[in-house]
Amino acid sequence: MFHREAGNFKTTYAADMAVFPLPITRWTVLVIFLLFAVVFPAILDDYYLSIINLVLIAVVGALGLNILVGNTGQISVGHAAFMSVGAYTAANLAVRLGLPFWITLPAGGLMAALIGALVGIPSLRIKGLYLAIATLASQLIIEWVINHTPAISGGVQASIQVPRPVVFGYDVRTQGQLYFFLLFFAVIAIVGATNIVRSRIGRAFIAIRDQDIAAEIIGINIFRYKLIAFAISSFYAGVCGVLYTYYFGIANYEAFQIVVSVDYLAMIIIGGLGSVLGSILGAIFVTMLPIAIRLFVEAFGSHIWDTGALSAVAASMRLIIFGLLIIFFLVVEPEGLNRLWRNIRNYFRVWPFSY
Amino acid sequence: MWDELEFAFALIVSGLLIGLMYSLIALGFVLIYKATDAINFAQGEFVMLAGFMATTVLAAELSVWVAIGAAILGMIALSFALERAVLRPLLGRPAVAVIMATIGLANILRGLPPITVGAQTKALPLPIGDDPIFVWTAVIPPIQLVGTIVSIAFLAAFTVFFLKSRKGIALRAVADNQQVAMAMGINVERYFGIAWAMAGIVSALGGIIWGSMLGVDTQLALIGLKVFPVVILGGLDSILGAVVGGLIVGVVESLAAGYLDPYVGGGTKDFAPYVLMIIMLMFKPYGIFGTRRIERV
């Protein structure tokens, strides 16, 4: 990631597709891993760890949405609904059957994948805006069903308290413990997404995105791969929802409304469509930005607005700035932060002899 | 038996009236899609913003007519500017980009009122009475009657406009094939602006009528979620479709609320149109009157 190679000497496709293009990349990854696994938990206090925890959860969801939207080119406005499916599945299993997290987590993901594949069925016949509207409908329908079925939502408040996950006999309770818990799944999600994208399946996704008719002609079963894309993306969403549930200790449909779907779309657009690094950068950016906005409004907002209205103002500022960023990146830099990062890297690759 | 019939009649009449008012908002969506191929996910926010413009002018102690005029002019200016600043740079980009841009736009518009004029619900009183009109068992509030009349008038006006006027024919040509229209000497970009401005007028009227019915606050934007079932049922690029779709959605919603709500505990009103829409998408995605041009892959 931070290395500078002396030239492009790749002679095979395998070398070009490699996860670690140069030996130094392993060291970079190792350093980043040590930074997250050892240095951060050692030097940061609970508040900063809680922010990183939210970022880690968002990374999982953003990776999933990016596989569907960025790689396969199918738009989904219903990502948060799949998260709620995972969350409520896991919460019900954990509370009613007393199952541990290592069963409820994949179960939540699989349930979301199933529902996601169901929602993806219309994608064979419809695409573009029709698919956007269909996924919007599925978002509203899933939200409504969960909210109106006490058997799923656990009563009037539509929220279920879940017990803390137990790892090797210990309750995961403090932010520091949750940090390692979430880091583990975020790393698996990143490795998984990186490998899905460079596999046969991932290449099929990209072929469908770039030109679906051509993809079918060269023998890609479009229906199957579109459903796989929906299923994988929803699996990630479901796991993300389960992680939210364990993180907050409660499954609540209000955490998975359409606004959240738009937040995740913002993450992948700002981060960079069709890129794993982009999903991560976008998740970091979109999770940190509201905190920055809140601090800013709290610090300077009292000169313009009433002190009582500041929290509402911060929420509105967040909407406006997110909207502006989405439009800015779509118009000016469609490949997002990932592209900006690559530009910086390419500049320094030949620096100081840049001609 | 007779009681049930009376109940059903009341539900259907109120559904039809509400449905026509949905059509008015859906019309804004259809106009933009027809002419520019852009999908406006911010239609509900346009309506909300028009409501806020009208209430802001009213708060300055000006007459209702000034407020209505200001809302219409304001929305024309705004939609013109948005087309220029946001949509035009995205010309020729995939549909996904346009959808996301309008979702971002919706975010911005929804965030604006609370930080400028405040988030509390504002009343938008129109100079019409409050006494409901009784037609057999149906109770019709006057505002709904006004809404219906405005909707019918505008739907008729737009139909005539598209069929007869020079600009309307040019807009249809642009909608049909942009390159050919360009070759025939039509200034395509100018007509994109005109289409958005027309959608702005429709949104302004929708905002005033719905705003005076429900009160103006950010919740008014949720009306935009009703637009999608309407346009999918009717067909995305058909004005007649917007009318018929609006009527269907209005009636279905009203019947669902009347007959299903007691059993499932409310909320079917927002839910039933989407189920209907999903069924439609599976079997006839181009809608009842829409142009059939969906590629099958």
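## The A–B contact

In this predicted model, the contact draws 38 residues from chain A and 37 residues from chain B, with two residues counted as touching if their C-beta atoms, placed from the backbone, lie within 7 Å. On the chain A side, helix 6 (129-148), helix 10 (212-217), helix 12 (258-271) and helix 14 (310-332) each supply at least two residues. Helices here are DSSP runs (H or I, at least four residues), numbered from the N terminus.

Helix 14 of chain A gives the largest share of that side, 13 residues. By class, the side of chain A that touches chain B has 30 nonpolar, five polar and three charged residues (Ala, Val, Leu, Ile, Met, Phe, Trp, Tyr, Cys and Pro count as nonpolar, Asp, Glu, Lys and Arg as charged, and the others, Gly among them, as polar).

## A helix pair in chain B

Now to chain B: the axes of helix 5 (residues 142-164) and helix 6 (residues 166-176) of chain B come within 5 Å and cross at roughly 80°. That makes the two helices roughly perpendicular (65 to 115 degrees).

Phe161(B), Phe162(B), Leu163(B) and Lys164(B) of helix 5 meet Gly168(B), Leu171(B) and Arg172(B) of helix 6. This contact has four nonpolar, one polar and two charged residues.

## Confidence and conventions

The predictor gives the complex an ipTM of 0.84 and a pTM of 0.87. Chain B averages a pLDDT (the predictor's confidence in each residue, from 0 to 100) of 84, and 97% of its residues score at least 70. Within chain B, confidence is lowest in helix 11 (residues 261-264), at a mean of 73, and highest in helix 3 (residues 64-87), at 90.

Residues are numbered from 1 along each chain as its sequence is written, and chains are lettered from A in the order in which they are written. Local features need pLDDT of at least 70 and side-chain atom pairs count only at pLDDT 80 or more, while totals for chains, interfaces and linings use all residues.

Methods: Axes fitted to C-alpha atoms, helices over the stretch in contact; angles between N-to-C directions. Parallel < 35°, antiparallel > 145°, perpendicular 65-115°, else oblique.
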